[in-house]
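These are my notebook entries on one model, kept in the order in which I looked things up.

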Amino acid sequence: MIASLQPSKTKRILSGVQPSGKLHLGNYFGAVKQHVEMQHEGQAFFFIADYHALTTLQDANALRECVRDVALDYLALGLDPNIAIFFRQSDVPQVTELAWILSTVTNMGLLERAVSYKDKVEKGLEASVGLFTYPVLMAADILIYRSHLVPVGKDQVQHLEMTRDIAIKFNRAYKEVFPEPQPYVPKQESRAKVPGTDGQKMSKSYGNTIDMFAEGKPLEKSVMGIKTDSTPMGQPLDPDKDTVFALYSLFATEEEKAALAADYRAGKIGYGGAKKFLKAKIESHFAPFRDKRKELARDPKTVDDILRAGAAKASAEAEATMALVRMATGLR
Ligand code: ADP
Ligand code: TRP
């Protein structure tokens with residue numbers, strides 16, 4: 001293990017996703033799809049952020065179920081546990097030790113500026129200390145594996161800026177332990193901020209999601225519930241201002257997009273028709289993953305074993321970093 005104390009020369013890619021509900025199309029295009037694609041581009045670490053989920057989910061069975069669901073989602077979508085290190089955040093509890101140490105070099109003002117914290121409080125979430133210091137734990141997640149690149153949706157970029165700030169503060173106060181991680185945001189704006197059924201950013205906490213693995217009636221209900229304007233049938237529609245078209249575009253080829261846009265502008269299609277196209281796209285896109293997911297769900301032991309093996313590898317890396325941190329701070 002001592003051998004891995006040297007900063008790694010391989011690019012390290014890391015990201016986490018909170019197990020606080022079923023994963024939705026925003027999570028897929030903004031995060032999970034990139035994660036699966038990027039697993040070949042360096043040493044990848046992907047984890048299920050169950051410590052973070054405690055800030056919003058206080059139901060033990062629901063948490064366990066959500067963790068299992070997210071694990072199944074990732075594995076079904078093609079995350080290869082032989083290539084990427086895939087684990088559950090709380091299986092590497094050293095991250096909470098690092099979070100404490102980092103909190104001592106983090107300014108209150110930095111956390112007070114966090115948009116996601118302010119948003120959540122505005123939406124009525126009670127402001128616990130954990131919710132407030134959420135970005136410090138996220139910084140610890142990233143820094144404990146001395147990560148270089150963090151693929152996330154646009155809403156997480158501020159957390160990455162805070163992480164860099166905290167890393168710089170630590171490195172300056174003690175010694176250069178942490179690289180300064182960079183966010184990797186999908187270039188296409190449409191993927192970095194996928195709209196929900198009400199046209200706002202799709203998010204579990206806004207109740208406007210379309211679940212990735214929904215099918216049949218529940219999928220139909222979500223898609224048919226997408227808010228549109230009240231232009232009557234037969235009138236031209238503006239594809240650039242429509243959520244159904246925006247979502248369809250995420251799945252369609254350039255030709256398919258152009259064809260639907262032309263029908264919108266010519267008044268040849270109404271929102272109901274467009275929604276049927278969208279539903280068919282979602283269904284066919286996820287069909288092969290859905291089959292794989294069902295197969296994995298029948299074998300919970302394999303999924304547990306994968307997470308446990310991932311945690312063992314992640315722990316070794318975390319311990320190596322913590323040895324440097326404890327030495328640098330005088331805790332050893
Ligand atoms: P939620 O907002 O539903 O709680 P999370 O905060 O758990 O989602 O996000 C998990 C990942 O998915 C993050 O990297 C986040 O940036 C990304 N993400 C979430 N919602 C969207 C969205 N509507 N568009 C693009 N990316 C998103
Ligand atoms: N805060 C992230 C989100 O809501 C989840 C997360 C926790 C994360 N720790 C992380 C993402 C570290 C990237 C890196 O999506």
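**Entry 1: a helix position**

I began with alanine 311, which has its place in helix H15 (residues 300-329); helices here are DSSP runs of H or I with at least four residues, strands are runs of E with at least two, and both are numbered from the N terminus. The model is a predicted one, in which local features need pLDDT of at least 70 and side-chain atom pairs count only at pLDDT 80 or more, while totals for chains, interfaces and linings use all residues. Residues are numbered from 1 along each chain as its sequence is written, chains are lettered from A and ligands numbered from 1 in the order in which they are written, and side-chain values use heavy atoms, with hydrogens and water left out.

Is alanine 311 buried or exposed? At 5% relative accessibility I count alanine 311 as buried, taking buried as under 20% relative accessible area, exposed as over 50% and partly exposed as in between, with a 1.4 Å probe and protein chains only.

**Entry 2**

On its other listed pairing, S2 runs parallel to strand S3 (residues 85-88), with 4 bridges between them, and here phenylalanine 46 is partnered by phenylalanine 86 of S3.

I noted that S1, H1 and S2 form a right-handed β-α-β unit, right-handed meaning that, with the strands pointing away from the viewer, the path from the first strand over the helix to the second runs clockwise.

Within helix H1 I looked up glutamine 34, which is buried at a relative accessible area of 6%. Its side chain reaches the backbone oxygen of glycine 30 at 3.2 Å, which I list as a polar contact (N or O atoms within 3.5 Å, one able to donate a hydrogen and the other to accept it, with residues adjacent in sequence counting only if both atoms are side-chain atoms).

Arginine 146 sits in the loop between H8 and S4 and counts as buried at 4% relative accessibility. Its phi is near 40°, a positive value in a residue other than glycine.

**Entry 2: pockets and cavity**

For the search for space, a 1 Å grid is laid over the protein atoms alone; a cavity is a set of points where a 1.4 Å probe fits but cannot get out, a pocket is an open set with protein on both sides within 12 Å along at least five of seven lines, and lining residues have an atom within 4 Å of a point. Grid points are joined across faces, edges and corners, and a volume is the space filled by probe spheres set on the points.

The largest pocket holds about 1200 Å³ of space. It is lined by 48 residues, and those closest to its centre are Gln18, Asp155, Gln156, Lys201 and Ser203. Which element gives the most to this lining? I found that H1 does, with 5 residues.

The second largest pocket has a volume of about 280 Å³. Its lining has 15 residues, with Ala99, Gly130, Thr133, Tyr134 and Leu137 nearest the centre, and H4 supplies the largest share, 4 residues.

Finally, the whole structure contains 1 cavity of 30 Å³ or more, and the largest cavity has about 30 Å³ of space. Its lining consists of Phe47, Phe87, Gln89, Val92, Val95, Asp141 and Tyr145.

Definitions and conventions:
Pairing = 2+ DSSP bridges.
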